[in-house]
Amino acid sequence: MSGGSEDRPAGHPAEIMLVLPDAQTVRARLYERQEAADGAQWRYRIGVPSWVATREGVEAAEYSVWVTAAQLQPVSGVDLSTVVTHRLPAQTPTVTSGWTVGPGDRKGRSVVHDTACRNAPPLASELTTLEALDALERPGARACDVCDAAAILLPALELGSR
């Protein structure tokens, strides 16, 4: 799934399959791919269809997330060469997608952050999405509203409670 070695300034999204942890697949849109400076890893920005509750009912939406090649499967016949492709600069570290838990504003409280959040605790262990959801269900826990934690994890918790 690696792209060409040249930067492509403009491109078009392509269909791709996202492989969920339980091996189910979901059709998604591949918007962008980035190569790490060492050329060893790629990360892919995809849009996954979802739904948002509004006062009028339920509305179609899209959830954007970075994933690895192991989480994707190409769709037969779809040309991925139209997707924006670029390498990260050598001095820019690769940002992983994941979650971490830090202390809250008082004893016994905690805050779940995206690992790239400026408020995330340094050198904290990275959690999977399921571990982050478990952490949010603990008393005194909340999702950070500075990073994507609240926007991504709280709707997932609500879906799981129905």
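**Exercise 1. Find where Ala23 sits, and state whether Ala23 is buried or exposed.**

Step 1. Ala23 lies in the loop between S1 and S2. Strands (E, at least two residues) and helices (H or I, at least four) are DSSP runs, numbered from the N terminus.

Step 2. Residues are numbered from 1 along each chain as its sequence is written. The model is predicted, so local features need pLDDT of at least 70, side-chain atom pairs count only at pLDDT 80 or more, totals for chains, interfaces and linings use all residues, and side-chain values use heavy atoms, with hydrogens and water left out.

Step 3. Ala23 counts as exposed because its relative accessibility is 59%. The classes of relative accessible area are buried (under 20%), exposed (over 50%) and partly exposed (in between), with a 1.4 Å probe and protein chains only.

Step 4. Now take the backbone. Phi of Ala23 is near 75°, a positive value in a residue other than glycine. Most residues other than glycine have a negative phi.

**Exercise 2. Work out which strands pair with S1.**

Step 1. Strand S1 (residues 14-19) is joined to strand S2 (residues 25-35) by six bridges, and the two run antiparallel. Two strands pair if DSSP finds at least two bridges between them.

Step 2. S1 and S2 form a hairpin, with five residues between them.

Step 3. S1 also pairs with strand S5 (residues 72-74), antiparallel, over three bridges. Here Leu18 stands opposite Leu72.

**Exercise 3. Describe the largest nonpolar core and say which element gives the most to it.**

Step 1. A nonpolar core is a set of buried Ala, Val, Leu, Ile, Met, Phe, Trp, Tyr and Cys residues joined through side-chain atoms within 4.5 Å. The largest has 17 residues. Those with the most contacts inside it are Trp99, Val112, Leu136, Cys144, Ala149 and Leu153.

Step 2. S8, H1 and helix H2 (149-160) each supply at least two residues of this core. H2 gives the most, with five.

Step 3. Look at Cys144. Leaving out residues up to four places away in sequence, Cys144 touches Val111, Val112, His113, Cys117, Ala149 and Ala150. Contact means heavy atoms within 4.5 Å.

Step 4. Another core, of 13 residues, lies apart from the largest one, and includes Ala14, Ile16, Leu30 and Ile46.
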